[in-house]
Amino acid sequence: QVQLVESGGGLVQAGGSLVLSCAASGFTGSINTMGWYRQAPGKQRDLVARISKSGTTNYADSVKVRFTISRDNAKSTCGLQMNNLERGDTAVYYCNAEGVRLGRTFERWGQGTLVTVSS
């Protein structure tokens, strides 16, 4: 099993910055891709950014120039640096991990951390 714990959410003014962190535990060597998704009230959960084990990244268009995802494979952590935050970034942010263990694919989610951007 892989467990994910997020930290770093909170309240920030528009234009400000926040850093989210995700720590994985368990069979972390089986993780291939880690990522961040977000879900605003009344909306579906959408991809924000993800990063492969080799460091290949992809981002949602809405955050591409403002957010940076990073990963430390040795520490089994994944971070999301969020700059120039907008009110539209307000959401619960979830860490995600996908991988393969014993020949089976898996997907795990963290409990979520709330980011609120005020005007």
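**View 1. Asp89 and Arg66 are joined by a salt bridge, N to O 2.7 Å.** A salt bridge is a side-chain nitrogen of Lys or Arg within 4 Å of a carboxyl oxygen of Asp or Glu. The model is predicted; local features need pLDDT of at least 70, side-chain atom pairs count only at pLDDT 80 or more, and totals for chains, interfaces and linings use all residues. Residues are numbered from 1 along each chain as its sequence is written, and side-chain values use heavy atoms, without hydrogens or water. Asp89 lies in the loop between E8 and E9, and Arg66 in the loop between E6 and E7, 23 residues apart; strands (E, at least two residues) are DSSP runs numbered from the N terminus.

View 2. Arg66 has 8% relative accessibility, whereas Glu86 is partly exposed at 40%. Shared partners join Arg38, Arg66, Glu86 and Asp89 into one network of salt bridges.

**View 3. A salt bridge connects Asp61 and Lys64.** Their closest N and O atoms are 3.0 Å apart. Asp61 is exposed at 65% relative accessibility, and Lys64 is partly exposed at 45%.

**View 4. Met82 belongs to the largest nonpolar core, which has 29 residues.** Such a core is a set of buried Ala, Val, Leu, Ile, Met, Phe, Trp, Tyr and Cys residues joined through side-chain atoms within 4.5 Å. Beyond four places in sequence, Met82 is in contact (heavy atoms within 4.5 Å) with residues including Arg66, Phe67 and Tyr93.

Technical notes. Buried means under 20% relative accessible area, exposed over 50%, partly exposed in between (1.4 Å probe, protein chains only). Helices (H or I, at least four residues) and strands (E, at least two) are DSSP runs, numbered from the N terminus.
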